[in-house]
Amino acid sequence: SDVLATFSRLMADGVDGEITELSQGNSGMLCGLAAHWPDGTGKPDRTVFHVYRVQDGLITRIDRFDDRDSAALAAGVS
């Protein structure tokens, strides 16, 4: 519910995003997300990475990373 609330708030602020990567690793799912802020906000576009830990078909943990290498290592993606 926290993830959905965050995405809802960002969308209400006019942020546009796209998934740049989705890879299954040995320890989790790696997801890259590029966020594009509206003009005039002064906020830079950026890409963040999440590693989703899944157990019995449910996401049990989400870890955020600012760089792909750290996220890939945590997810077990080469």
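**View 1. Ser23 in strand β1.** Ser23 belongs to strand β1, which covers residues 16–24 (strands, E, of at least two residues, are DSSP runs numbered from the N terminus). The model is predicted, so local features need pLDDT of at least 70 and side-chain atom pairs count only at pLDDT 80 or more, while totals for chains, interfaces and linings use all residues. Residues are numbered from 1 along each chain as its sequence is written, and side-chain values use heavy atoms, with hydrogens and water left out. Ser23 counts as buried because its relative accessibility is 18% (buried means under 20% relative accessible area, exposed over 50%, and partly exposed in between, with a 1.4 Å probe and protein chains only).

**View 2. Surroundings of Ser23.** When neighbours within four places in sequence are left aside, Ser23 is in contact with Gly28, Met29, Leu30 and Val77 (contact means heavy atoms within 4.5 Å). The side chains of Ser23 and Glu21 form a polar contact of 3.0 Å (a pair of N or O atoms within 3.5 Å, of which, within protein, one must be able to donate a hydrogen and the other to accept it, residues adjacent in sequence counting only if both atoms are side-chain atoms).

**View 3. His36 in strand β2.** His36 lies in strand β2, residues 29–36, and is partly exposed, at a relative accessible area of 28%. Its side chain makes polar contacts with the side chain of Glu18, at 3.3 Å, and with that of Asp45, at 3.4 Å. Although 19 residues separate His36 from Gly17 in sequence, their C-alpha atoms are 5.8 Å apart in space.

Methods. Helix = DSSP H or I, 4+ residues; strand = E, 2+ residues; numbered from the N terminus.
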